[in-house]
Amino acid sequence: MEITSAQFVVSNSRADMCPDGNLPEYAFIGRSNVGKSSLINMLTNHSKLAMTSSTPGKTLLINHFLINNSWYLVDLPGYGYAQRGKKVMENIKNLIQHYVLERIQMTCLFVLVDSRLEPQKIDLQFIEWLGENSVPFALVFTKSDKQSAGKTKQNVERFLDTLKEQWEELPPYFITSSEKKTGRQELLDYIESVNRT
Ligand code: GDP
């Protein structure tokens, strides 16, 4: 698939206020600073479609972008903002839970994981919660340009091995770099293939 049009539609602080209709939604989530905004901008070929973490407020909302007039790319708030205080953390958690569990249009949730790090507890816990709730998801390893291909492969394998301890089947996964546009076509083709089924 190629993206021919991408436009911002709406930001919401409540999952039940997201756009009506039955267009499929592909949502993106991950820890703060994992590279989510950069990935969304890279996928859509826009330098500033998704606001980066440095934009106050924006990252606490659910942002809908209409792609090719046929599906929504959904930018969810990042999880794990320890520095933001208990109340804000609780609000973000509720917002994510409502969207992920109740949004029937959500076709796949892309969970972003920093390819440079060893498996992080917060990511593993989130993925476990997705499994318990039968949420369809795929993994996106980010920032692969920041280290050698060998090191990325090693970290990805380590992450998948950790999942294998609990899961019979592994989710689809993608290795990406927003800097080098790595993984872009694979991810878009995956969305297209899921959209067709
Ligand atoms: P978000 O909080 O998940 O939306 O993260 P951002 O997209 O704002 O990225 C956080 C930081 O990581 C920024 O300084 C980005 O420039 C940097 N970054 C994100 N993706 C990549 C990547 O693929 N390669 C490199 N080298 N840096 C990246």
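Helices (H or I, at least four residues) and strands (E, at least two) are DSSP runs, numbered from the N terminus. By this definition the chain has five helices and seven strands. The structure is a predicted model, in which local features need pLDDT of at least 70, side-chain atom pairs count only at pLDDT 80 or more, and totals for chains, interfaces and linings use all residues. Residues are numbered from 1 along each chain as its sequence is written.

**Confidence**

- The chain averages a pLDDT of 91, and 93% of the residues score at least 70; pLDDT is the predictor's confidence in each residue, from 0 to 100.
- For the complex, the predictor gives an ipTM of 0.99 and a pTM of 0.95.

**Overall architecture**

- Read from the N terminus, the order of elements is β-β-α-β-β-α-β-α-β-α-β-α.
- The radius of gyration of the chain is 16 Å, close to the 16 Å that the globule rule gives for 197 residues, so the chain is as compact as a globular protein of that length. The radius is taken over C-alpha atoms, and the rule is 2.2 Å times the number of residues to the power 0.38.
- The C-alpha trace spans about 40 × 40 × 35 Å along its principal axes.
- Of the 197 residues in the chain, 32% are buried. A residue is buried if 20 or more other C-beta atoms lie within 10 Å of its own, exposed if 12 or fewer, and partly exposed in between, with C-beta atoms placed from the backbone.
- Among contacts in the chain with a separation of 6 or more, 73% join residues 24 or more positions apart; two residues are in contact if their C-beta atoms, placed from the backbone, lie within 7 Å.

**Nonpolar core**

- The largest nonpolar core holds 38 residues, of which Ala27, Phe28, Val111 and Leu112 touch the most other members. Strand β5 provides the largest share of this core, six residues.
- A nonpolar core is a set of buried Ala, Val, Leu, Ile, Met, Phe, Trp, Tyr and Cys residues joined through C-beta atoms within 7 Å.
- In soluble globular proteins, nonpolar side chains tend to be buried together.
- Leaving aside neighbours within four places in sequence, Leu112 is in contact with residues including Phe28, Ile29, Val34, Leu39 and Val140.

**Helix α1 and the residue that follows**

- Helix α1 (residues 36-44) is mostly covered, with seven of its nine residues buried.
- These buried residues are Lys36, Ser37, Ser38, Leu39, Ile40, Met42 and Leu43. They pack against β2, β4 (71-75), β5, β6 (137-142) and α5.
- Just after α1, Asn45 takes a positive phi of about 60°, although Asn45 is not a glycine.
- Asn45 is found in the loop between α1 and β3 and counts as partly exposed, with 13 C-beta neighbours inside 10 Å.

**Helix α2**

- Helix α2 (residues 86-102) has 17 residues and reaches 24 Å from its first C-alpha to its last, close to the 24 Å expected at 1.5 Å a residue. The expected span is 1.5 Å times one less than the number of residues in the helix.
- In α2 the buried residues are Ile92, Ile96, Tyr99 and Val100. They cover an arc of only 90° around the axis, which puts them on the same side of α2; the arc is that of the directions from the helix axis to the C-beta atoms.
- Lys86, Lys87, Glu90, Asn94 and Glu102 are exposed on the other side of α2.
- The cover over the buried residues of α2 includes β2 (25-30), β3 (62-67) and β5 (106-114).

- Residues up to four places away in sequence aside, Ile191 touches Met1 and Tyr26. Ile191 and Thr107 are 84 residues apart in sequence and 9.2 Å apart in space, C-alpha to C-alpha.
- Lys143, in the loop between β6 and α4 (149-164), has a positive phi near 60° and is a residue other than glycine. Lys143 is buried, with 22 other C-beta atoms within 10 Å.
- Leu163 lies in helix α4 and counts as partly exposed, with 18 C-beta neighbours inside 10 Å.
- Not counting residues up to four places away in sequence, Leu163 touches Ile127 and Leu170. The C-alpha atoms of Leu163 and Gln147 are separated by 23 Å, and these residues are 16 residues apart along the chain.
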